[in-house]
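Visitor: I am new to reading protein models. Could you show me how to look at one, feature by feature?

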Amino acid sequence: MIITYPKRYQVIVIGGGHSGCEAVLASSRMGLKSLMLTANIDTIGLMSCNPSIGGVGKGHLVKEIDALGGEMGKAADATAIQFRRLNTSKGPAVQASRIQADRQAYKAYMRRALESEKNIDIKQRMVEGFLAESGRVAGVKTNLGEYFLADAVVVTPGTFPNGLIHIGETRISAGRAGEAPALGISDSFEGLGFKIGRLKTGTPPRLDGRTINWAILEPQPGDSQPKPFSFSNDKIDGEQLPCYITYTNERTHDVIRKNLHKSPLYSGVIKGIGPRYCPSIEDKVVKFRDKERHQIFLEPEGVGTYEIYPNGISTSLPLDVQFDLVRTIKGLEEVEIIRPGYAVEYDYSDPTQLFPTLETKIIQNLFFAGQINGTTGYEEAASQGLIAGINAALRVKGEEPFILDRSEAYIGILIDDLVTKGVDEPYRMFTSRAEHRLILREDNADLRLREKGYRIGLVNVEDYERCLYKKKRIQEELQRIEHTRVFPDSRINEILTQLGSSPIKKPHTIKELLRRPEITFKELSLIDSHFSSFINPDISAQIEMDVKYEGYIQRQMEQVDKFKRLENLRIPGDFHYDGVPGLSREIVQKLSRIRPSSLGQASRISGITPAAISILLVYLKRKEIEPKDGYSSSLFS
């Protein structure tokens with residue numbers, strides 16, 4: 001019996017993970033009646049794997065999510081039990097934030113965030129199919145025979161589509177330990193014509209902290225002055241918990257090598273491809289034979305629990321082997337395993353079947369976000385969920401889509417990589433993926449993106465005005481230090497000498513002095529009393545970086561200008577590449593499959609040569625196909 005639910009929604013979001021939470025919050029805050037359908041309401045916002053947010057590249061994504069009006073940064077600040085800044089000895093482009101979160105508190109925070117939004121309904125259902133009319137999504141069908149109707153649907157199913165857990169020779173049909181997989185939805189994808197593949201991820205065993213010998217381990221404390229993730233927060237209060245570091249050893253590696261034949265990863269049972277940059281301990285031992293040891297971070301799962309997450313020993317070996325290997329590790333000689341580690345295989349959809357809005361090319365008004373697109377990690381999932389939720393709302397409203405390009409944000413890089421190049425392994429964000437990373441820093445994400453978030457309705461007036469004030473003060477101070485001169489005298493030269501800097505023989509501007517590597521903004525107060533009352537560290541840090549890296553930033557801005565020129569040459573969505581003389585059949589097939597929205601995107605498709613781009617450019621000009629601003633003619637028509 002078919003039941004059509006009487007209430008019609010504007011946006012339906014499938015899934016309650018990090019991607020689904022950001023998607024439904026975005027659409028609801030933009031004024032649309034939104035429904036979240038999740039297999040288990042109690043796991044909304046659950047941190048399925050490690051209890052942390054951020055890291056190099058990933059922290060950049062979280063800052064951008066926050067700048068646009070998303071929730072992950074606020075949730076991280078509210079539930080963190082440790083804050084750490086990474087790469088502080090390196091350049092500003094690769095410095096990043098990371099927190100350890102209380103898993104239960106994080107989950108509770110995110111559920112409260114959803115339940116406090118008046119435009120969100122939450123229902124516990126398993127979706128097994130889609131309703132489509134004339135090539136456009138019309139709603140979803142649940143396993144209870146219900147139809148939920150909507151104008152747009154965002155799909156964020158995580159690792160649940162045909163999820164299969166492996167622990168040694170034991171195989172369990174599940175999307176996550178103890179939770180049933182989504183079987184019908186994958187069949188529905190293929191029925192609609194989507195190209196589906198198989199990927200794999202894994203998790204380590206969880207340990208009983210009461211059975212760990214902490215006294216002989218190396219503690220890793222948090223920062224003494226923690227910096228918030230969210231630009232809405234000024235400071236962080238509360239006690240922090242330490243993590244601890246230990247290492248595998250040759251005995252550990254021997255246990256693994258002797259039991260490799262029991263690992264489904266090496267016995268051929270697992271067909272899905274795993275993440276290269278977060279390999280299992282089996283992979284580490286096999287592929288890095290010269291390594292005598294591998295680092296393990298012992299991370300607390302929260303304040304009110306003794307459960308410990310050993311980051312670095314993800315495994316799918318049998319439970320008895322897991323038990324033997326962890327007990328060879330220093331400090332874990334008598335440890336007990338609370339939950340076994342496992343690998344999970346799941347279905348994903350080739351992301352080149354998506355537009356940069358994350359709308360599918362096959363079905364209109366249907367958006368995919370998160371691990372369904374071949375990514376790994378909470379931050380990558382949340383980024384996609386935010387953009388999919390925004391664009392689903394804009395699609396329903398009939399407004400122009402929201403797209404970030406590679407020069408504007410790491411989120412833009414993430415999505416462009418997915419929809420242009422596809423994936424052959426789970427995709428993870430790194431700063432090395434950014435061509436212009438010096439201008440895409442964590443600290444200036446609000447300056448880059450706050451206004452965009454405000455204009456689409458996700459950033460409130462208070463936060464927007466706060467950002468405007470920050471911009472104004474930075475510009476005022478940059479002007480001031482450029483025109484304020486310091487004259488050589490005994491006092492100034494004595495201060496410079498004490499700072500390890502050369503004395504001056506002629507007048508210098510404050511800006512010229514700040515360019516010196518040995519002089520920081522804080523030390524300017526010794527030279528000019530104006531800086532003694534300067535108390536905003538975020539503003540002073542921006543000024544210092546703008547001055548010290550001015551030449552590098554200028555060169556990157558020039559590169560961005562060149563990038564934009566090619567990116568602004570739009571290609572109509574219905575363009576026929578087989579009509580362009582001079583393009584090989586292989587190139588025509590690739591361009592026709594991915595349907596790039598610009599010459600810039602076309603140039604980044606694997607196998608598309610500079611010669612092919614030149615041919616396209618000449619052809620488009622000859623046919624007088626004008627460059628288009630925006631995507632309205634090709635995406636949202």
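Guide: Start with one term: contact means heavy atoms within 4.5 Å. Keep in mind that this is a predicted model.

Visitor: Which residues of H20 are buried?

Guide: The cut-off for buried is under 20% relative accessible area. In H20, Ala 612, Ile 613, Leu 616, Tyr 619 and Leu 620 are buried. Now look down the axis of H20: its buried residues fall within an arc of 130°, so they line one face of the helix.

Visitor: What does the face turned away from the buried side carry?

Guide: That face of H20 carries the exposed residues Pro 610, Lys 621 and Arg 622.

Visitor: And what covers the buried residues of H20?

Guide: The cover includes helix H18 (585–594) and helix H19 (599–603).

Visitor: Can we try another helix? Which residues are buried in H16?

Guide: Check its reach, then its buried residues. H16 spans residues 537–548 and has 12 residues. Its ends are 16 Å apart from first C-alpha to last, close to the 16 Å expected. Buried in H16 are Ile 539, Ser 540, Gln 542, Ile 543, Glu 544, Met 545 and Val 547. These buried residues pack against H12, H13, helix H15 (510–514) and helix H17 (550–567).

Visitor: Now pairs of helices. At what angle do H2 and H12 pack, and how far apart are their axes?

Guide: Two packed helices are described by the angle between their axes and by the distance between the axes. Here helix H2 (residues 58–68) and helix H12 (residues 445–455) pack at about 35°, and their axes are 7 Å apart. The crossing of H2 past H12 is right-handed.

Visitor: Which residues of H2 and H12 meet?

Guide: H2 brings Lys 63, Glu 64, Asp 66, Ala 67 and Leu 68. H12 brings Ala 445, Asp 446, Arg 448, Leu 449, Arg 450, Lys 452 and Gly 453. By class, the contact of H2 with H12 divides into 4 nonpolar, 1 polar and 7 charged residues.

Visitor: H12 has another partner, H13. Is the crossing of H12 and H13 left-handed or right-handed?

Guide: It is left-handed. The axes of H12 and helix H13 (residues 461–483) come within 10 Å and cross at roughly 145°. On the H12 side, the contact is made by Asp 446, Leu 447, Arg 450, Glu 451, Tyr 454 and Arg 455. On the H13 side, it is made by Val 461, Asp 463, Tyr 464, Cys 467, Lys 470, Lys 471 and Ile 474. The classes in the contact of H12 with H13 are 6 nonpolar, no polar and 7 charged.

Visitor: What is Thr 431 in contact with?

Guide: Leave aside neighbours within four places in sequence. Then Thr 431 contacts Val 56, Gly 57, His 60, Ala 93, Val 94, Tyr 410 and Arg 437. Take Val 56: it is 375 residues from Thr 431 along the chain, yet their C-alpha atoms are separated by 6.7 Å.

Visitor: Where is Arg 176 found?

Guide: Arg 176 is in the loop between strand S12 (170–173) and helix H5 (184–192). With 14% relative accessibility, Arg 176 counts as buried. Not counting residues up to four places away in sequence, Arg 176 touches Thr 43, Leu 46, Ser 48, Phe 160, Ile 165 and Tyr 342.

Visitor: Last, backbone angles. What is phi of Leu 358?

Guide: Look for positive phi in residues other than glycine. Phi of Leu 358 is near 75°. Leu 358 lies in the loop between strand S20 (342–349) and strand S21 (366–368). Leu 358 has a relative accessible area of 0%, so it is buried.

Visitor: And what is phi of Asn 87?

Guide: Asn 87 has a positive phi of about 60°, although it is not a glycine. Asn 87 belongs to the loop between strand S5 (80–86) and strand S6 (96–101). At 23% relative accessible area, Asn 87 is partly exposed.

Conventions: Residues are numbered from 1 along each chain as its sequence is written. This is a predicted model: local features need pLDDT of at least 70, side-chain atom pairs count only at pLDDT 80 or more; totals for chains, interfaces and linings use all residues. Side-chain values use heavy atoms; hydrogens and water are left out. Buried means under 20% relative accessible area, exposed over 50%, partly exposed in between (1.4 Å probe, protein chains only). Helices (H or I, at least four residues) and strands (E, at least two) are DSSP runs, numbered from the N terminus. The arc is that of the directions from the helix axis to the C-beta atoms. Axes are lines fitted to C-alpha atoms, for helices over the stretch in contact, and angles run from 0 to 180 degrees between N-to-C directions. A crossing is left-handed if the near helix is turned anticlockwise from the far one by less than a right angle, and right-handed if clockwise. Ala, Val, Leu, Ile, Met, Phe, Trp, Tyr, Cys and Pro count as nonpolar, Asp, Glu, Lys and Arg as charged, and the others, Gly among them, as polar. The expected span of a helix is 1.5 Å times one less than its number of residues.
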